[in-house]
Amino acid sequence: MSRLRYAATLLILVALIVGALPSSPAKAQAPGPDEKTLVIAQSQDVQSLDPPQVGSRTDDNIVSHMFATLYEIDDFGNIVPFLAKDYRISEDGTEVTFVLNEGLTCHDGEPLTAEDVVYTFKRAADPANGFTGNTPGFVFASVAYKDARVDSELEATIVLERYQSIALGLLSEVHIHCKDSYEKMSLEEAQSNPIGSGPYKFVEWVKDDYLLMEKWDEFTLRDPYFDRIVWRVIPEASTRTAELIAGNVDVITNVPPDQHAAVNASGNASVVPVEGLRRIYVGFNFTDNFQSECADAIKKTEVRVALQYAVDVPTICEALLGVPCERATGLVNKPNDHPDLEPYPYDPAKAEELLDAAGYPRKGDGVRFECTLMAGRNRYLNDVNVVQTICQYLDDIGVKTNCQLMDFRAEFIPLLVNQQAGELFFVGSGGGNWNALYEMADFASENSNPNYGRWSNPEWFNRWRSLSNIRDPQEERKVVLEMLEVFYNDPPWILLYMQPDFYGVSNRLDWQPRRDERVITFNAKLK
Amino acid sequence: MGRYLARRLLQSILVIFGVTLFSFLSLHLAGDPTLLYVNERATDAQIAETRHRLGFDRPLYEQYLAFMGRLVRGDFGKSLVTKTPAMELITTRLPATIELTVFAMLLAITLSIPIGLLAATKRGTPYDGGIMLFAIFGQSMPSFWLGLMLMLYVGLHWKILPISGHVPLLDPLLAGDFKTAIGNIPRALQHLIMPGVTIAMFSLSRNARLIRSSMLEVLALDYVRTARAKGLRERTVIIRHAFRNALIPFVTILGLEFGFLLSGVVVVETVFSWPGVGRLVFNSINQRDIPVVQATVVFFSLLFVGLNLLVDLIYARLDPRIRLG
Amino acid sequence: MAEKTSLAVPAAPPEVIRLQEDVPEASFWRRARHSLLRTRWPILALLILSLVVFLAIFGPQIAPKDPNRITLAARLKPPFERNAQGEMVYILGTDSLGRDVLSRLIYGARISLSVGIVAVGIGGTLGTLLGLTAGYFGGRVDDVIMRLADIQLAFPFILLAIMVLVVLGAGVLNLVLVLGIGQWVTYARIARGETMAQREKEYIEAARSIGASHARIMFRGILPNILAPLIVIASFNVASVILAEASLSFLGLGVPPTVPTWGGMLAESRDQLLANRWWLAVFPGLAIMLTVLSLNILGDWLRDFLDPRLRGTV
């Protein structure tokens, strides 16, 4: 073979590879922190910047800086005006009318009016668009969204199927965008070309590397300190911590508890613990999908109560989560929880006693019955270790527990939503501190998720249904407290804890993270 | 030569076909992927609607035929997660991965050859022992471990090199911005060193050992002795006579090296936050983003087949006894 | 011409080693012993490996504690620490759940080693059978098997591994299968090449002429004569499988976290690096390194002893 031919073949191969590469505008390196630049590192890259497609925490954090909402839940759980300055609810409670501030515009200069608000809702709800994000997938289903209409230049009405006292808070999760700009774009273009309505304007997104946004000066409703925010993607926890300590990153989320000391000792950054709102629990599976002694046993209230005493939650928090905690008494966060319920104490002797009494004595091998506990991996704080520890606690009182840890998205979720995730399953459910009903909506029906175990206590569900006829907040509160007692006495979960969140924050920064896992930096500044 | 190439091309098509079939089946046989594309709190009706929209309710063979039909037209489909064309997802991340792998391969080759040669020519001396110890060490260290250690010590404690991240080189080059590209070189190299060394370590060690032993083999052969007897300088003997032949097994390994490098890339890109294809592959399989997985699989098998063809051609040049065709 | 494109086709093998029938068993072992005694490193490697195998077999009898016993009160104890009574309860310390590191290492030997050996066993058997068949029958059979090999090769191992483990779920069985299947081509290519060389030998001709069946010729005639290079490859492969298991653990695709393996322990230790809990990384790391090192040294020796032609290829 001649040298020429050889060279030619080589050239063709190289050309093929290079030809496949894009000739996009040149990328740059992720900017570092400076006087007016804030750098935040998250573990995942953005999946979509189109508001109704946004479903993950990481995407929502970014999008929330670029798109404003009608109302907003502030750092302390209050629902406060944002794009809208006022709202009213119709007599029958099915229509919420928002009054917008004047002189709003989107980032391309288009005026933001009631028409745009209605367009935002209709676009998200349109099945032809096939959106699966938080807005159509969770908010609309929860508020029973029906329609939206323009009342006047600045007044838009959202129509619901029925009254919900939590509607306003839920509607505060919908990111508003303008009609003309989004009508011009295909769904595909809208994924990566956000035209926002909030305090920061999109600049560039280098996939799997970073996203850069700049303060948009024409936005007057908020006045954040930083001119630029860089959202870096750093998948490995140790790398995130190292970059924080080295001063290349200002904020990181989910610092592993065992690295707290190293961060605090560095002198460059500290770990800020936050009382998170995510409710971590072990659910009981009430379906007949498993034929086992365990499946029968956990249908009995006495057994489920007995298991509460088996798990030492305060020690789990102290050792594995890195902070002391109080055990949950139900599914509602403070301050909306039931004030008079005492957390179940850790009392293995009592657990054994109750199980003996319930008709499940230890057999010859010391085992009462055998259960399977399934869980996803690396989704919640230190979950792999927490789950294994819970299995050990249950083992200790004679309930032999087979711990199965698997990939969260690919394996666990499909099992969970089909009630196949073992007789026991470990999950965390996002919470809120602005209304008890928002969190109680986990058990809005006997037969649909997120009632993953299909608990069906009529005492609970009859009251739940009665709530849509109650307008008086005090009356509502009374029913809520009764329901929380039902929940406590006939527990569908092994009650655990509200997950603490740990933010690694650079010492140059003056910023208090929120309780609801959202990273919002409008109030961040340099010290 | 022409006939040989034609046959290889035909074989390659067959290979690509088999690869797509395998990946398609393994992604679909494990159950309905729909649940990965809906909200965790979606209702049954929403799930059914999504299933229909994504076409997962059609018979498998129909889905496969539809996929192949598009593939033949060069359409890899769109990501189910981000809705962007799958090929675009790959090509935007490719430059970073090419920078990393080329750098790692250069390291592995340029360092392993002199190291292996040195060990072979100084056989039995402390040089040889030291090199071999290092090589065996390098071969028995998991790459994520080496990467993390480098990051913590060289990056964090000693502050010699940047901890993570990427400075683009190929991107500005492809965009025709030569000034930026050249300006980026020093910082880009700094960012390349730790991930590059981490990937290269295994190959570097193995190749050094291979070169050493095949050199020893060749040095003992008659023609080398003849060359020496002719009074040629030792350097000439080693470089001109022995080395060329010792290189043959080495080149074969290089072809297979590619798949190996890719394995390293997945791990190392995660450790050093490198925005490349390795992480795309891992994430898209994790999210079962079927079109992207398919596209990467086809892409990499094409690359692999191409590289092996190249290796065969180089091989033929090095060893005159081999005639292709 | 495809066969010339890989090194799997060696030149005619040196007769001395090939004709095993002519060499009495005793002299084979004597040569092995001599060769081993001449060099120091392989002996050391063999000693280390024997220790690991011993731990793997008798783990449950030796381990001081239950490797999965979680005791939060005793978490993250450094090694060699004495308690108030002056006893060393946890010789090598405890991990973040208070499990005994030494016991986990001993049980880990069991899992890591069996994963390595079983995976190589699967890959080696499958590959050898296919390679033997391809080389013996040639023609169409050979074509099909070699195309299969090409497909396998064109599918980067990591892609295959991640795909199968994500889709089928991470577990010991799936892991072993994937690691095994990822290896078969190497064995198939070598077995095929060796078989082709053997096929034309006189002793095979002789067997054929007395009417021996294909199976008999393949398994009784050829197989024993092509085993040497396969064994050499296998010894290197066990090492690389142990490393691959560690990498997959890092990606969260190794064995479930409830099962102790060296790779899994090492991967788990990464959150502790910044906190300087060195023992969590150093002990499993040392275990992996020493084992892999020993396997490589032993592989080197086996190669030089059994089949020097492989020098420069493995």
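1. The link of A:Cys294 and A:Cys371 is right-handed, with 100 degrees about the S-S bond. This pair connects distant parts of the chain, 77 residues apart: A:Cys294 sits in helix H10 (residues 293-297) of chain A, and A:Cys371 in strand E14 (residues 369-377) of chain A. The S to S distance is 2.0 Å; a disulfide here is a pair of cysteine sulfur atoms within 2.5 Å. Helices (H or I, at least four residues) and strands (E, at least two) are DSSP runs, numbered from the N terminus. Both A:Cys294 and A:Cys371 are buried, where buried means under 20% relative accessible area, exposed over 50%, and partly exposed in between (1.4 Å probe, protein chains only).

2. A note on the basis of the values. This is a predicted model, in which local features need pLDDT of at least 70 and side-chain atom pairs count only at pLDDT 80 or more, while totals for chains, interfaces and linings use all residues. Residues are numbered from 1 along each chain as its sequence is written, chains are lettered from A and ligands numbered from 1 in the order in which they are written, and side-chain values use heavy atoms, with hydrogens and water left out.

3. A search of the whole structure finds four disulfides over all chains. With bonded cysteines counted along the chain, those of chain A follow the pattern 1-2, 3-6, 4-5, 7-8.

4. A:Cys106 and A:Cys178 form another disulfide (S to S 1.9 Å). The torsion about their S-S bond is about 90 degrees, so this disulfide is right-handed. A:Cys106 lies in the loop between strand E5 (95-100) and helix H3 (114-125) of chain A, and A:Cys178 in the loop between helix H5 (167-171) and helix H6 (179-184) of chain A, so the pair ties together parts that are 72 residues apart in sequence. A:Cys106 and A:Cys178 are both buried.

5. The sulfur atoms of A:Cys391 and A:Cys403 are 2.0 Å apart, and the two residues form a disulfide. This link is right-handed, with 90 degrees about the S-S bond. A:Cys391 is in helix H14 (residues 383-396) of chain A and A:Cys403 in strand E15 (residues 399-407) of chain A, so the pair ties together parts that are 12 residues apart in sequence. Both cysteines, A:Cys391 and A:Cys403, are buried.

6. Chain A also has an open sheet of seven strands, in the order E8-E9-E10-E1-E11-E18-E12, with mixed pairing. Strand E8 (200-206) and strand E12 (269-274) of chain A are at the edges with a single partner strand each, so one side of each has no neighbour in the sheet. Two strands pair if DSSP finds at least two bridges between them.

7. A:Lys201 has A:Glu214 in E9(A) as its bridge partner. The hairpin of E8(A) and E9(A) has three residues between the strands, and A:Asp208 there takes a positive phi near 65 degrees.

8. Strand E18 (residues 501-506) of chain A has six of its six residues buried, so it is largely enclosed by the rest of the structure. Its faces are both covered, with A:Asp501, A:Tyr503 and A:Val505 buried on one side and A:Phe502, A:Gly504 and A:Ser506 buried on the other. E18(A) pairs in the antiparallel sense with E11(A) over two bridges and with E12(A) over six bridges.
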